[in-house]
Amino acid sequence: MLETLLPIVLFTFSTSITPGPNNLMIMSSGLNYGVNRSIPHLLGICLGFPAMIVAIGVGLGTLFSQFPLLHEIIRWVGIAYLLYLAWVIASTREVGNSSHSRPFTFLQAVAFQWVNPKGWIMAVGALAAFTSPSGEMWAEIARIALTFIAIGGPCIIVWLLFGVGLKRILTEPRHLRRFNITMGILLAASVVPMIVD
């Protein structure tokens, strides 16, 4: 059990703690809205991503292999949505006052997992690496999903708290604008590999 769990834990930690759309957005939410208002967004990521792993693991992958156009549509919707979110973040001029004017809700964060390119790579990678056709597929999928809740959740909290900590530093509007523009550019840049592929 420990032999199979340790690689999943290492994979989960390394993919969850590194920058990506979810982490950049939750950090920006922490900066602009604080912890309390960002909790629905946080929970949407922490529960939505493992739910996506389960859905892909139990058959959605088969649907995409039979209908590749469906996957392509989701991919381009994801690219467009990420670019829109990048613009929203970059156009935020003061704390708690963006053109979006409120943080993501729980359901928006859950839905976002389905258009998050890094999320797809992580989910498919984990399922390919840590399940086997001859193994107990349900147990393996559950183990991966639960590991992402247990390990991925705290990693995302780190990014939220980092954003909140930046709020104390970025008190001057000029610095906040620069930070938000930088985060918007980084989020937009995260779609480049998806477009190139």
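Visitor: Which backbone oxygen lies 2.9 Å from a polar atom of the side chain of K118?
Guide: In this predicted model, the backbone oxygen of T18 lies 2.9 Å from a polar atom of the K118 side chain.

Visitor: And what else does K118 touch?
Guide: Leaving aside residues up to four places away in sequence, K118 touches T15, T18, P19, G20 and P21.

Visitor: Where does K118 lie?
Guide: K118 lies in helix α5, which runs over residues 117-130, and at the start of that helix a side-chain oxygen of N116 comes to within 3.1 Å of the backbone nitrogen of K118.

Visitor: How far does α5 reach?
Guide: Helix α5 has 14 residues and reaches 20 Å from its first C-alpha to its last, which is close to the 20 Å expected at 1.5 Å a residue.

Visitor: Which residues in α5 are buried?
Guide: The buried residues in α5 are P117, K118, G119, W120, M122, A123, A126, L127 and F130.

Visitor: Changing topic, how many disulfides are there?
Guide: The count comes to 0 disulfides. C46 is in no disulfide, and the nearest cysteine sulfur to its own, that of C155, is 9.6 Å away, whereas a disulfide needs two cysteine sulfur atoms within 2.5 Å.

Visitor: What about C155?
Guide: C155 is in no disulfide either, and its nearest cysteine sulfur is that of C46, 9.6 Å away.

Visitor: Is C46 buried or exposed, and why?
Guide: C46 counts as buried because its relative accessibility is 11%, and buried means under 20%. C155 also counts as buried, because its relative accessibility is 4%.

Note on methods: Residues numbered from 1 in each chain as written. Predicted model: local features only at pLDDT ≥ 70, side-chain atom pairs only at ≥ 80, totals over all residues. Heavy atoms only, no water. Buried < 20%, exposed > 50% of the residue type's maximum accessible area, 1.4 Å probe, protein only. Helix = DSSP H or I, 4+ residues; strand = E, 2+ residues; numbered from the N terminus. Polar contact = N/O pair within 3.5 Å; in protein donor to acceptor, adjacent residues only side chain to side chain. Contact = heavy atoms within 4.5 Å. Expected span 1.5 Å × (residues − 1).
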